[in-house]
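Hi everyone, thanks for coming along.

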Amino acid sequence: MESALPMARAERQPLTTERLREQLGRLGGTPFHLADLANHLEGDVILPVSEINRVRRGIVEALGKAMASATRWTLLEPAEPHVVHVECDAPGQPMQKTAASEDAASGLIALVRSMPQLESALACGVRTVYLEFEDPKRLRDAVRVVRERGSCSGPSPEAWVAPPRIFKPGEDWILRIVASATPDGFLVRNADHLRAFKGERLRGDFSLNVANPLAAEHWTRDAGLERVTASYDLNVAQLESMARAFDPRRLEVTLHQHMPMFHMEHCVFCAFLSKGTDYTNCGRPCDRHEVRLRDRVGQEHPLKADAGCRNTVFNGRAQTGAEAAPRLLALGVRHFRVEFVDEDADTVGKTLARYRALLRGELPAEGLWRELKLLSQLGVTRGQLDRDDSRKVFPRSLPSA
């Protein structure tokens, strides 16, 4: 990519390697990052920032086209008897339909945070929903809606409740309210949840940090969880490695989400939308207002409060691991989650329909993330997507208990 403008002599602030790295490294919202930069400029020269930005955008566009036309791979069946063979087709084409893809499509899981989102997910035929509501008192009504949906159209979908991720001493009342919803099971996030819901059906969320097969084996065998969600710290190669070393049917992968950016004790709702000091006198503005935090480049990130008045900021742009789905299906993974934050009902319905089509082999991954305008990335790391070095990460078998 070449500049359309000539260099000029710099009277001050010439283009140094540091300034070039700062300008060219602004790749937020893209699947790329600046690793190395070689500066061969001679003398004190300068180029308008607008021209540098144009060059950067041109580079990103060229790289995106190169990714779309990259060589595709073929996945071969591993030795495990429960693994199903899936082949990736030509670039831009959906994967072949198999019994595995049908199982995964029917087992798609939706995590919702509002009643309109729940209604839309049920209308799409989702068989399992995770309910994470800011006000735990509304969970009972949500579970009832799920069960009523099945009374006239066959077996009821399963309603699982996700308690607040952070638990502090003295907040047992929150867990008692959550338990009173009597769902089909609980998505546990910490050790306190394990104790509070002992004897119930339990699944583990990503916050249990299941980053290797030993941790997965501990939570399923020793703690009694039905299955666990893979840590968001794993790249694709590491996730594939864990699926080879641990029963993939007990592994859950979050394919779509707004990544949590940070979590804080400070309540923005109370501080800026109320004259109160805490939940006893703030008037609960979080029940009536939607808040977004705008960053330095203009991106708006949704803010959510939990039952303990803690706030979480989510990335304003959702990301997807759709391109990894065929590889994970080939290794036997059958449980994929789609998480929503503040999407409206129409967006929820459209998104779930596209993921079902993806898992059925009716839609290519690139078509999904381009159509829904998503960031193509699985978890918080990218790793080496085209290099299969996963066998070096984890052993293929675990020591016996």
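**Salt bridges, a sheet and a surface patch**

Let's start at one residue: R354 is partly exposed, with a relative accessibility of 25%. Before I go on, please keep in mind that this is a predicted model.

So what does R354 pair with? Its side chain meets that of E371 in a salt bridge, at 3.2 Å from N to O. The two residues sit in separate helices, R354 in α12 (residues 345-360) and E371 in α13 (residues 365-371), and the pair links distant parts of the chain, 17 residues apart. E371 is partly exposed too, at 32% relative accessibility.

Now for a pair with another setting. R113 and E132 also form a salt bridge through their side chains, 3.1 Å from N to O. Look for R113 in the loop between β3 (109-112) and α4 (115-123), and for E132 in the loop between β4 (128-131) and α5 (139-151); they are 19 residues apart, and again distant parts of the chain are linked. Are these two buried or exposed? R113 has 13% relative accessibility, so it counts as buried. E132 is at 15%, so it counts as buried as well.

One more pair for the list: D287 and R284 form a salt bridge, with the closest N and O atoms 3.3 Å apart. D287 is partly exposed at 46% relative accessibility, and R284 is partly exposed at 23%. How many salt bridges are there? The count comes to 32.

Let's turn to a sheet. Four strands make an open sheet, and reading across it the order is β10-β13-β12-β11, with antiparallel pairing. Which strands stand at the edges? They are β10 (260-264) and β11 (291-294); each has a single partner strand, so one side of each is left without a neighbour in the sheet. From one strand to the next, the twist averages 30°. For anyone who wants the background, strands of a sheet pair through backbone hydrogen bonds, either parallel or antiparallel.

M1, I59 and L63 make a nonpolar surface patch of about 280 Å². One of them, L63, lies in helix α2 (residues 49-68). L63 is partly exposed, its relative accessible area being 39%.

Finally, let me step back to the whole chain. The secondary structure comes to 13 helices and 16 strands. Of the 401 residues, 49% are buried. The accessible surface is about 20,000 Å², and carbon and sulfur atoms account for 51% of that. What about contacts along the sequence? Taking those between residues at least 6 apart, 67% join residues at least 24 apart.

Definitions and conventions:
Residues numbered from 1 in each chain as written. Predicted model: local features only at pLDDT ≥ 70, side-chain atom pairs only at ≥ 80, totals over all residues. Heavy atoms only, no water. Pairing = 2+ DSSP bridges. Axes fitted to C-alpha atoms, helices over the stretch in contact; angles between N-to-C directions. Patch = residues over 30% accessible without salt bridge, like charges linked within 9 Å, V, L, I, M, F, W, Y side chains within 5 Å. Areas by Shrake-Rupley, 256 points an atom, 1.4 Å probe, with all protein chains shown as cover. Salt bridge = Lys/Arg side-chain N within 4 Å of Asp/Glu carboxyl O. Buried < 20%, exposed > 50% of the residue type's maximum accessible area, 1.4 Å probe, protein only. Contact = heavy atoms within 4.5 Å.
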